[in-house]
Amino acid sequence: MKSHKPTIVWYQAVTCNGNTHSLLSASSSRLELFLNSFDLIYHPSLTIDTTLDDILKLKDIDFLLVEGAITSDEKYYSINQNSTKNILEKLSQKAKYIISVGSCASYGGVHKKFEQNDDILGVEEIIDTKKYKNLKHEIVNLTGCPVHPEWILQTVFSLNSFSRMSLDDEKRPRELYSNLAHHGCTRNEYFEWKVEGDFGQKEGCLFYDQGCRGPMTHSSCNKILWNDVSSKTRAGMPCIGCTEKDFPRENMLETKKNIGIPLDVPLGIPKRAYLSITGVAKTFKIDRLNKKLMD
Amino acid sequence: MENSLKLFSKKGFYNTTIPDIAKAMKMSVGNMYNYFSSKEELAKYAIKYSTNILAAELREINQMDISSKEKVYLFVKNYFENVKNSPEVVEYFLRVYLSNREVFKEGCEGFLCVGEFVTEVMILLDEGAQNKEFREQDFFPAFAMIMGCLGGFAFLSGEAVLDKDLLEYSDPIADNIYRALKYEES
């Protein structure tokens, strides 16, 4: 188990495994570089010769990547008769860096919606980092449902090389979450001229009816493309705001409106100004934008 | 500008000439052209000017800490006071802007010249629906309910067919508008 490479432990708590799937969907050359650069000593779905008990006997770990929400309620969820919180605390005593992978690990995510258990939290909420002198950095939240695989890789590479990352108020890396999903969206011209679109179509903006949260969601989905080629909005699926703290919201595929006026408007613009601009923009009927891109 | 609004409203767009307007504005025809390249351009400026007066008043009401119902009552009263005290502002809208659409076709398309006022109506409706005083419906029927009603009544006033003073109709009209918009428990 001795290694010259930085060690990575991937701990799974209350999760659907979606972030693991995401990691496995990383660009093959990047994933190969990752596996060659780090020693992934434990992942419940990927490694076979190490158990969680083995990991708990280790003295230290370089990177602890946590997937899934955490609960202290053993009746609700336990691993080896132990709560996910207890195990997390033990692992946290050993780690130099803790990274919450995905929205569930960051804030509780979809699991926090269960009314039967009000003790489901994100990593940062449930552990007191001041207790862990071994930690070299504050907890990094990589939000997303799932998180983009490249964001995971970029974060561990950055922390490994520079020992620190600039984080925003939600403890997300600024270089990955300063953009909005709207930036780089190929539908931006439809957005500007208020041309609405339909689910799954190449044409039109998904903000007005389909619930797209691109203009108010911090993420680089349209800048660092998924599988190097696409994104939800590029494929005709509205952004559901999965990198934000209020995810998952209700009725995510419809735009909440009051008397036809969107309840939420793009970040940073007062509603009065937004309504004024869009009212004018809708005046113009641009033939090119009302036609199919390809007949 | 009020004088040109009065002239346009009284004589109609085509019967009003630039010399008429220059005279009313107490300036030479040559000087007029320093400001407006044509009668059409003046007419477009005039619609922005007149609706921006209404927009500023409605914005003030929108920013008050009162219920949406009270805002509707105040807005209607305000609008009728405008019709009574400055009839040219509303009459210009009804008798020139709505009646001579071809003049406003380029440069005043859609909401382009009346955008500020329409925005304030949007804010009024949006906030009313958000605080559950107004029921959910499409924007345009709600917009037409308010402005159709007010415009229609201003027209009746202009035709001098009303029995009573215009302001005496303010509350009943506001009541009608509010009832058409108000939230109903299902």
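Figure 1. With a relative accessibility of 11%, A:Ile240 counts as buried, where buried means under 20% relative accessible area, exposed over 50% and partly exposed in between (1.4 Å probe, protein chains only). The residue A:Ile240 belongs to the loop between α10 (232-235) and β10 (257-258) of chain A; helices (H or I, at least four residues) and strands (E, at least two) are DSSP runs numbered from the N terminus. Leaving aside residues up to four places away in sequence, A:Ile240 touches A:Arg213, A:Lys232, A:Phe247, A:Arg249, A:Met252 and A:Leu253, contact being defined as heavy atoms within 4.5 Å. A:Ile240 and A:Cys145 are 95 residues apart along the chain, and their C-alpha atoms are separated by 9.4 Å.

This is a predicted model, in which local features need pLDDT of at least 70 and side-chain atom pairs count only at pLDDT 80 or more, while totals for chains, interfaces and linings use all residues. Residues are numbered from 1 along each chain as its sequence is written, chains are lettered from A and ligands numbered from 1 in the order in which they are written, and side-chain values use heavy atoms, with hydrogens and water left out.

Figure 2. A disulfide is a covalent bond between the sulfur atoms of two cysteines; the criterion applied here is a pair of cysteine sulfur atoms within 2.5 Å. Over all chains, this rule gives a count of 1 disulfide. The bond joins B:Cys108 to B:Cys113, with an S to S distance of 1.9 Å. The link between B:Cys108 and B:Cys113 is left-handed, with -85 degrees about the S-S bond. B:Cys108 is buried at 0% relative accessibility, and B:Cys113 is buried at 3%. A:Cys145, by contrast, is in no disulfide, and the nearest cysteine sulfur, that of A:Cys104, is 5.8 Å away. A:Cys145 counts as partly exposed at 34% relative accessibility. A:Cys242 is likewise in no disulfide; for this residue the nearest cysteine sulfur is that of A:Cys145, 5.8 Å away. A:Cys242 is buried, its relative accessible area being 10%.

**Figure 3. Salt bridges within chain A.** The whole structure contains 25 salt bridges over all chains, each defined as a side-chain nitrogen of Lys or Arg within 4 Å of a carboxyl oxygen of Asp or Glu. One of them pairs A:Lys112 with A:Glu125, whose closest N and O atoms are 3.2 Å apart. Because A:Lys112 lies in the loop between α5 (103-107) and β8 (120-121) of chain A and A:Glu125 in helix α6 (residues 123-126) of chain A, the pair ties together parts that are 13 residues apart in sequence. A:Lys112 is partly exposed at 38% relative accessibility, and A:Glu125 is partly exposed at 43%. A further salt bridge connects the side chains of A:Asp168 and A:Arg172, at 2.9 Å from N to O. Here A:Asp168 is buried, with a relative accessible area of 14%, and A:Arg172 is buried, with 3%.

Figure 4. The side chains of B:Lys77 and B:Glu81 form a salt bridge of 3.5 Å, N to O. These residues, B:Lys77 and B:Glu81, are 4 residues apart in helix α5 (residues 68-85) of chain B and are therefore separated by about one helical turn. B:Lys77 is partly exposed, with a relative accessible area of 39%; B:Glu81 is partly exposed at 30% relative accessibility. Elsewhere, a network of salt bridges links A:Arg272, B:Arg59, B:Glu116 and B:Glu120.

Figure 5. Helix α4 (residues 39-62) of chain B packs with helix α6 (residues 87-97) of chain B at an angle of about 135 degrees, their axes lying 9 Å apart. Axes are lines fitted to C-alpha atoms, for helices over the stretch in contact, and angles run from 0 to 180 degrees between N-to-C directions. The helix α4(B) is therefore oblique to α6(B); angles under 35 degrees count as roughly parallel, over 145 as roughly antiparallel, 65 to 115 as roughly perpendicular and the rest as oblique. The contact is made by residues including B:Ala43, B:Ile47 and B:Leu54 of α4(B), and B:Val89, B:Phe93 and B:Tyr97 of α6(B). Between α6(B) and helix α8 (residues 139-158) of chain B, the packing angle is about 100 degrees and the axes are 10 Å apart. This angle makes α6(B) roughly perpendicular to α8(B). In this pairing, B:Val90, B:Glu91, B:Leu94 and B:Arg95 of α6(B) meet B:Gly151, B:Ala154, B:Phe155 and B:Gly158 of α8(B).
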